[in-house]
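Here is a short walk through one protein structure. Keep the viewer open and follow along.

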Amino acid sequence: MDFIVNLLGPGNTALANTLILYSFVIAAGIFIGKLKICGISLGVTFVLFVGIIMGQLGYIVDSDVLKFVREFGLIIFIFAIGLQVGPGFFSAFKTGGVRLNMLAMLGVALNVLVAVGIYLWQSGNTSMNVIVGIMSGAVTNTPGLAAAQQTVSDPDAVNTMSMGYAAAYPLGVVGIILSMLLIRKFFKIKVDNEIREIEEDREKSLLKPLIVTFKVSNKLIEGKDLAELHDIIQCNFVVSRLMKTDGRLVIPVSTTPLNQGDLMRIVLSSQDKHRFKAMIGPEVSMDWETESSNATGDVVSRRIVITKSEYNGVALGSLRLHNGYNLNATRVNRAGVDLLASAGLRLQMGDRITVVGKLDDINRLADKMGNSMKRLNQPNLITIFIGIMFGIILGSINLGFDLKLGLAGGPLVVAILLSRFGYKFRLVTYTSSSASLMLRELGICLFLASVGIAAGGNFYETVFNPTGAQWVLWGFLITFIPLMIVGIIARGVYKINYLTITGLLSGGYTDPPALAYAGGSTGSDTPAVAYSTVYPLTMFLRVVAAQVLILCTM
């Protein structure tokens, strides 16, 4: 019995006790988080509250161990997010990222204004150390708290900031989620419609390939080859097959001539369809698979998966598919999205290339490029840990005035850059969706459990008294007022998609739990793209704001 009490009882910081405590907090938090209240579930966010309860009951973790687990969990979560949304980050920044970052900056400014307003209203009865701690907790920004604590040398001031942070943090998370729900309710938003709108916009922006068959009837292109047709129409397209008037099926090349009556199977962007109708002739219906099997040579269409790292980052045109294999590539599927197989498209591990030609030629190309799903199941841990290493180094660089990106901002920036440019260094950034989800969930659970256990020790004494209640109220005001203003402007003025707004609010508050809720409740990666778009700048501004407020009152 003593053995069980010693192993499961509070107050013991032995390794076995610590592992059991973390396992229980995470398992119980995830289980309770799946329960819906008024149709809403907090998901993994509930791990934080279970950690607070266990901390209040006297369960503790060695301070060094707790700090390591908290920071390592946050790094894993943020790095996985960066790898996932990196390519989308750059395209999003070109289309709407400037506006999103301006809105995020407005949110930071409003947070500071509300905090300073509370400080002035108290007329010196509350120190700026408390206000900064409350503000850091209200916007769930641990690096800002750490930066502010490094600015002061008084241990009492450091502890005061921590208490303010602990008091404001739980309602900081709840406030972000509550603002999402209120914005959704206020504007009568239907999530399904927002998801459909995102998908339609994504298809347009990615120029989703459309497969159409045209019959050549324009006398003006009689005898012209495909290279000349490209010059005339001046848009990206691929002619995968050509049925001549005598019944011959050919795999066309740039020098293949066109004649009236020829049938062309073309892969093109949907918005270019009218050009081809005007230039070539009418659209017709044809069963190409049946016609291909009846034709000489048995021309077929197959998908080949790139699973050899030497093709990571290689331009599609450099493969010389027609000259070397007598094949035509029509489209490339990447992460479930079809892309037009243009010559300049850079290939990545996990891409699926649709090629047309003889089966023997396709098999030769498949052997060359890997085409082994087993290889994709192997994790690319080298890239992950190289990225984390350089991310930590970047986050530790002093940017001036003792400002740093920190252990979260650095890995995020490096992950985004690796996901976009890693092929230039022969680094494979492909991660299966299940492996990426596992990394994200593991990281956020370790982070939330650590924060909850650390805050729970003095949570009751800090919060459940008149002063603590004031801190909680002030924190909620700092959290909620800017969120509603930014959310209303984003939706009411700029008509931004609701999924993007949830990512904007989560990233503007550098809040992984809120992002986890937004992604889980919508089932979309769009919030994560918006989150990563505003996160780097917001993180920097919040670290600066916390330090400046302390320096201004010293």
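Is R320 buried or exposed? R320 is exposed, because its relative accessible area is 56% and anything over 50% counts that way. Before going further, note that this is a predicted model.

You'll find K495 in the loop between α19 and α20. With a relative accessible area of 60%, K495 is exposed.

## How the helices pack

Helix α20 (residues 498-508) packs with helix α21 (residues 512-522), the axes being 8 Å apart and the angle about 165°. How are α20 and α21 oriented to each other? They are roughly antiparallel, because the cut-off for that label is an angle over 145 degrees. The crossing of this pair, α20 and α21, is left-handed.

As for handedness, the crossing of α5 and α19 is right-handed.

Which helix gives the patch its largest share? That would be helix α19 (residues 466-493), which supplies four residues.

L106 is worth a look by itself. Its place is in helix α4 (residues 63-121). The relative accessibility of L106 is 31%, so this leucine counts as partly exposed.

## Salt bridges

How many salt bridges does the structure hold? The count is seven. One of them joins the side chains of E283 and K273, at 3.0 Å from N to O. This pair links distant parts of the chain, ten residues apart: E283 belongs to strand β5 (residues 283-284), while K273 belongs to helix α10 (residues 273-279). E283 also meets K277 in a salt bridge, this time at 3.9 Å from N to O. As for accessibility, E283 is partly exposed at 38%, K273 is partly exposed at 22% and K277 is partly exposed at 41%.

Elsewhere, R364 forms a salt bridge with D361, and the closest N and O atoms are 3.3 Å apart. Why are R364 and D361 separated by about one helical turn? Because they are three residues apart in helix α13 (residues 359-369). Is D361 buried or exposed? D361 counts as buried, since its relative accessibility is 15% and the cut-off for that label is under 20%. R364, in contrast, is partly exposed, with a relative accessible area of 41%.

## A buried alanine

One last stop is A166, which lies in helix α7 (residues 155-186). The relative accessible area of A166 is 8%, so this alanine is buried.

How far apart are the C-alpha atoms of A166 and G133? They are separated by 8.3 Å, and along the chain the two residues are 33 residues apart.

Definitions and conventions
Residues numbered from 1 in each chain as written. Predicted model: local features only at pLDDT ≥ 70, side-chain atom pairs only at ≥ 80, totals over all residues. Heavy atoms only, no water. Helix = DSSP H or I, 4+ residues; strand = E, 2+ residues; numbered from the N terminus. Buried < 20%, exposed > 50% of the residue type's maximum accessible area, 1.4 Å probe, protein only. Axes fitted to C-alpha atoms, helices over the stretch in contact; angles between N-to-C directions. Parallel < 35°, antiparallel > 145°, perpendicular 65-115°, else oblique. Left-handed = near helix turned anticlockwise from the far one by under 90°. Salt bridge = Lys/Arg side-chain N within 4 Å of Asp/Glu carboxyl O.
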